[in-house]
Amino acid sequence: ATSSHQEEIRWLYPVMQSVLEQAPTVDFEIIGDSKTLALSRTLPRTTVIHPMSWPAYQSFLALPGRDIGLAPFLPTAFNAARSHTKLFDIERAGTIAILADTGPWAKLPPAKQHTLVPMDQKKWIKAIVDASHSRQPTEKVD
């Protein structure tokens, strides 16, 4: 998560905090810089991965061990140009996706490998906790 994603990271912080309190089997992994590390330091079971090159990121996505990918969407200038790429990344990682019901994913048809959720933190908490109880990872896309 580059500086372009800092608003989403700050938005996710209370979501992550609540999920970690409610679901003791959930761990979070987030790609971020020193600001992300400082913010996440107080969260248990949370790992901050340093940003990496595109080829390294693609290899990283192929590593096993993840179940759920998150893609919130806030109305920022950066996000105005956003595409479906985050969904493709999540699918490549072989996980189910929890996506904002706005932005590039707003018109996605229903599918069992993704859930569209309004940008309401309580709804995101519920969606993540529910998904953690019924993990159904998709097959990896090569």
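Predicted model: local features only at pLDDT ≥ 70, side-chain atom pairs only at ≥ 80, totals over all residues.
1. A quick word on terms before we start: buried means under 20% relative accessible area, exposed means over 50%, and partly exposed is in between (1.4 Å probe, protein chains only). Residues are numbered from 1 along each chain as its sequence is written, and side-chain values use heavy atoms, with hydrogens and water left out.

2. W11 and W124 are edge-to-face, at 5.5 Å centre to centre with 85° between the planes. W11 lies in helix α1 (residues 6-22) and W124 in helix α6, so the pair ties together parts that are 113 residues apart in sequence. Helices (H or I, at least four residues) and strands (E, at least two) are DSSP runs, numbered from the N terminus.

3. The count of aromatic pairs comes to three. Another of them is W54 with Y57: the ring centres are 5.6 Å apart and the planes at 40°, so this pair is tilted. Both residues belong to helix α3 (residues 54-62), three residues apart, which is about one turn of the helix. Buried or exposed: where does W54 fall? At 52% relative accessibility, W54 counts as exposed, whereas Y57 is buried at 13%.

4. Now the sheet. Three strands make an open sheet in the order β3-β4-β5, with parallel pairing. β3 (68-71) and β5 (114-117) stand at the edges with a single partner strand each, so one side of each has no neighbour in the sheet. From one strand to the next, the twist averages 15°. Pairing here requires at least two bridges found by DSSP between two strands; β4 (residues 96-100) and β5 have four, in the parallel sense. L99 has L116 in β5 as its bridge partner.

5. Two helices go with this sheet. Helix α5 (residues 85-92) packs on it, touching β3 and β4, and its direction makes about 160° with that of β4. Helix α6 (residues 121-133) lies across β3, β4 and β5, running at about 175° to β4. For these angles, axes are lines fitted to C-alpha atoms, for helices over the stretch in contact, and the values run from 0 to 180 degrees between N-to-C directions.

6. Have a look at R66, in the loop between α3 and β3. Its charged end sits over the ring of F60, 4.2 Å from the centre (the test: NZ of Lys or CZ of Arg within 6 Å of the ring centre and within 35 degrees of the ring normal). The R66 side chain also reaches the backbone oxygen of L63 at 2.9 Å. Beyond its neighbours within four places in sequence, R66 is in contact (heavy atoms within 4.5 Å) with E29, F60, L61, G94 and T95.

7. I49 is found in strand β2 and is buried, with a relative accessible area of 18%. Not counting residues up to four places away in sequence, I49 touches E29, I30, I31, G32 and F60.

8. Lastly, R45 sits in the loop between α2 (34-40) and β2 (46-49). Its phi is near 50°, a positive value in a residue other than glycine. R45 is partly exposed, with a relative accessible area of 31%.

Note on methods. Phe/Tyr/Trp six-rings, centres within 6.5 Å; stacked < 30°, edge-to-face > 60°. Polar contact = N/O pair within 3.5 Å; in protein donor to acceptor, adjacent residues only side chain to side chain.
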